[in-house]
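Welcome! Please work through the exercises below with the sequence and the 3D view at hand, and try each task before reading its solution.

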Amino acid sequence: MTTSSALPEQAGRTCHNAVNPFHSTHYFAPELAAELAKAGIENRSAGYFACRGAAMGAVGPGTVTATFYNFKHDLVAAHVPQVWTVTTPQAVLDARLRAVDATLRRLLGPEAVASPEMAEAAELALRATEGCSRQARPLYAAHADLPVPDAPHLAYWHAATLLREHRGDGHLSALLDAGLDGLEALVTHTASGRGMSYQGVMATRGWSEEDWQAAQERLRERGLLDAEGELTGAGVELRKDLERATDRLDRAPYAHLGAEGVARLTELATGFTTAVMEAGAFPAALFGK
């Protein structure tokens, strides 16, 4: 197997950026809303908290706020644990997988879902997850306890979920080390042009305009944001440092897969992600400046 020293710099991040959207398609899909409605969940925020948190069991709002990081606790507490009075974590996990199956079949079509390339992507991504670690990674560890689905497109989605949550858990450690709270992380990411749009944050994360402005002021006091709400030079460097720190914490799965495997997985993942994006998987208004 290729050694970790042969892995090109940022190869893991590049691969993650290609794989991650494949996981996220279902959050915006009508199939998920329909499946959750059958389970008694009508509210979009409640559905998101339930879907992503179900692997941890019927946890309370504190655990969801801690592990999701950038949602206002008041929004989380408005739906958790109330959502677990109408359904169960296992019912949500089952509904989620049915929705993912239907969503990917709609977005990609039957040929891509059943293709040799899909099976290869699943095999490579699952091999990468063998290098992941559970320690201090609650969302990854919870999802790693779930069974791997049999169908290749669902196995690839499951592996994409594991890789996403592994990197995400590490990223939270980097944010804490940088002294950024959940909203400050959102403000700086949005200002970078690579995160959710302001409209997307306001529509989904539970923060108010006053909260946003207060976070901007705190960042200005640290010299990270200018008067127009753009990142200063120091702010740009901080975001770069955050990604480099996250890369270091997330190196293991890609080092385990090796440079050749990472390159091939990136190639396959780019093709599938491009296809789902061209099929309209993501609402454009939620992303970018």
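**Exercise 1. Find the loop that holds Ala136, and decide whether Ala136 is buried or exposed.**

Step 1: Ala136 sits in the loop between helix 8 and helix 9. Helices here are DSSP runs (H or I, at least four residues), numbered from the N terminus. This is a predicted model, in which local features need pLDDT of at least 70 and side-chain atom pairs count only at pLDDT 80 or more, while totals for chains, interfaces and linings use all residues. Residues are numbered from 1 along each chain as its sequence is written, and side-chain values use heavy atoms, with hydrogens and water left out.

Step 2: The relative accessible area of Ala136 is 70%, so Ala136 is exposed. The cut-offs are under 20% for buried and over 50% for exposed, with partly exposed in between (1.4 Å probe, protein chains only).

Step 3: Now look at the backbone. Most residues other than glycine have a negative phi, and most peptide bonds are trans. Ala136 has a positive phi, near 60°.

**Exercise 2. Describe Tyr69 and the helix before it.**

Step 1: Tyr69 follows helix 4 and belongs to the loop between helix 4 and helix 5.

Step 2: Its phi is positive too, near 75°, in a residue other than glycine.

Step 3: With a relative accessible area of 15%, Tyr69 is buried.

Step 4: Helix 4 (residues 61-68) has Val64, Thr65, Thr67 and Phe68 as buried residues. Their cover includes helix 3 (44-53), helix 5 (73-79), helix 9 (138-144) and helix 10.

**Exercise 3. Find the cis peptide bond that joins Val80 to its partner.**

Step 1: The partner is Pro81, and omega is about 10°.

Step 2: Pro81 is in the loop between helix 5 and helix 6 (89-108).

**Exercise 4. Work out how helix 8 and helix 10 pack.**

Step 1: Two packed helices are described by the angle between their axes and the distance between the axes. For helix 8 (residues 116-129) and helix 10, the angle is about 30° and the axes are 8 Å apart. Axes are lines fitted to C-alpha atoms, for helices over the stretch in contact, and angles run from 0 to 180 degrees between N-to-C directions.

Step 2: Helix 8 and helix 10 are therefore roughly parallel, a label for angles under 35 degrees.

Step 3: Look for the contact, meaning heavy atoms within 4.5 Å. Helix 8 contributes residues including Met118, Ala122 and Leu126, and helix 10 contributes residues including Tyr156, Ala159 and Leu163.

Step 4: Sorted by class, this contact of helix 8 with helix 10 has 13 nonpolar, three polar and no charged residues. Ala, Val, Leu, Ile, Met, Phe, Trp, Tyr, Cys and Pro count as nonpolar, Asp, Glu, Lys and Arg as charged, and the others, Gly among them, as polar.

How values were computed:
Helices (H or I, at least four residues) and strands (E, at least two) are DSSP runs, numbered from the N terminus. Angles under 35 degrees count as roughly parallel, over 145 as roughly antiparallel, 65 to 115 as roughly perpendicular and the rest as oblique.
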